[in-house]
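Subject: the model you asked for

Hi,

Here is the structure I promised to pass on.

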Amino acid sequence: MGIVSFDGWTVTQWDAIEGFKNGLHIFTLDELQELAINNTEETQDVTGASGSVLNTNKKNKGCNGTGTNGLLSGGLMEIQTGSKQETKNIVIRHKDTIVVDGDMVSSKTVSIKKDPVGAAGAEIQYVYVKSATSDVVATYQQALSATEGKFEYSSKTITFAEGALNVGDVVTVYYNTKLTDDTGVKISNDANKYSGECELVYSGLAKNACGKEACFQFIVPRADFVGNWNLEKGDSQTTHKFEWKSLKNKCADNNNFWDFIIFPDED
């Protein structure tokens, strides 16, 4: 089945968007929910007597796109922030909630689950104790020894002064802890880095009036991503929005904003 014209074809399915940087594949968006590709140009009227329009001058041709992917994409986030994903030396904020029992009252201690990171003597900084009999929450500060309003910390153990704990009290502890390398992933929005650009390849299916199906590709050689984007929680999930602007390539023979290709699916 040869295809020699766009006439009569309808794009029926947008399957995926692939991103490439210097030939290297950097992301795939294959849960596409919303897409728009906008082609623009400006016109300037040439007027004569009484303001009648004699001609129009056209300039500033452009193209931009927007979309929403149903799943998060780390590679897309890299392009949008200008930063790389990391899997080592990741620190998170952890929360322990401990209900005080008789043994804890006797020993004046509670144990936390993980190893805090931070300056020695200030790894935790504050601990909060909510009374079992009222809504009073007492704040304790880390110190070298446990005294009134102070606690001592060593080797996952928090020690309070005599009388600070009662059975049924709830102790809440917030602290930073380091993940084991390669068990989590982090990307940072560095204030000194900005969104970047890549090549985009849209792909999907088209169908003509006779029911014949074909593949299509929509290729954007230079898509400059906009750094204004949202992570939004909708009615059912968090979606990943994106926006780009097509750039002219002054260093290449091909100055196209995009190429749109329809070809037989057997190819």
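In H1, the buried residues are Gly75, Leu76, Met77, Glu78, Ile79, Gln80 and Thr81. Buried here means under 20% relative accessible area, exposed means over 50%, and partly exposed is in between, with a 1.4 Å probe and protein chains only. That makes seven of the eight residues of H1 buried, so the helix is largely enclosed by the rest of the structure. Among the elements covering those buried residues are S2, S12, S13 and S15. Just after H1, Gly82 has a positive phi of about 80°.

Before going on, the housekeeping. This is a predicted model, where local features need pLDDT of at least 70 and side-chain atom pairs count only at pLDDT 80 or more, while totals for chains, interfaces and linings use all residues. Residues are numbered from 1 along each chain as its sequence is written, and side-chain values use heavy atoms, with hydrogens and water left out. As for labels, helices (H or I, at least four residues) and strands (E, at least two) are DSSP runs, numbered from the N terminus.

Now the overall picture. The protein chain has two helices and 16 strands. Its radius of gyration is 30 Å, whereas a compact globule of 267 residues would be near 18 Å; the value is taken over C-alpha atoms, and the globule rule is 2.2 Å times the number of residues to the power 0.38. The C-alpha trace spans about 90 × 55 × 40 Å along its principal axes. Of the 267 residues, 29% count as buried. The chain exposes about 16,300 Å², with carbon and sulfur atoms supplying 46% of that (Shrake-Rupley method, 1.4 Å probe; for residues, only the protein chains shown count as cover). Taking contacts with a separation of 6 or more, 66% are between residues 24 or more positions apart, where contact means heavy atoms within 4.5 Å.

On to the cores. A nonpolar core is a set of buried Ala, Val, Leu, Ile, Met, Phe, Trp, Tyr and Cys residues joined through side-chain atoms within 4.5 Å. The largest one has 22 residues, and those with the most contacts inside it are Phe27, Leu200, Tyr202, Phe225, Phe242 and Trp244. At least two residues of this core come from each of S1 (9–21), S2 (24–29), H1 (74–81), S12 (197–208), S13 (213–225) and S15. S13 gives the largest share of this core, six residues. Another core, of 18 residues, lies apart from it and includes Ile98, Val100, Val129 and Tyr175.

Leu200 is found in S12 and counts as buried, at 1% relative accessibility. Not counting residues up to four places away in sequence, Leu200 touches residues including Ile17, Phe27, Phe218, Phe225 and Trp244.

S5 (residues 91–99) and S11 (residues 170–178) run antiparallel and are joined by nine bridges, with Val91 opposite Lys178. S7 (residues 126–130) also pairs with S11 in the antiparallel sense, over four bridges, and there Lys130 has Val170 as its bridge partner.

Thr68 sits in S4 (residues 53–69) and is buried, with a relative accessible area of 3%. Gln237 lies in the loop between S14 (231–233) and S15 (238–246), and is partly exposed at 31% relative accessibility. Leaving aside neighbours within four places in sequence, Gln237 is in contact with Gln33, Gly70 and Glu232. A polar atom of the Gln237 side chain is 2.7 Å from the backbone oxygen of Gly70.

Over to you.

Technical notes:
Polar contact = N/O pair within 3.5 Å; in protein donor to acceptor, adjacent residues only side chain to side chain. Pairing = 2+ DSSP bridges.
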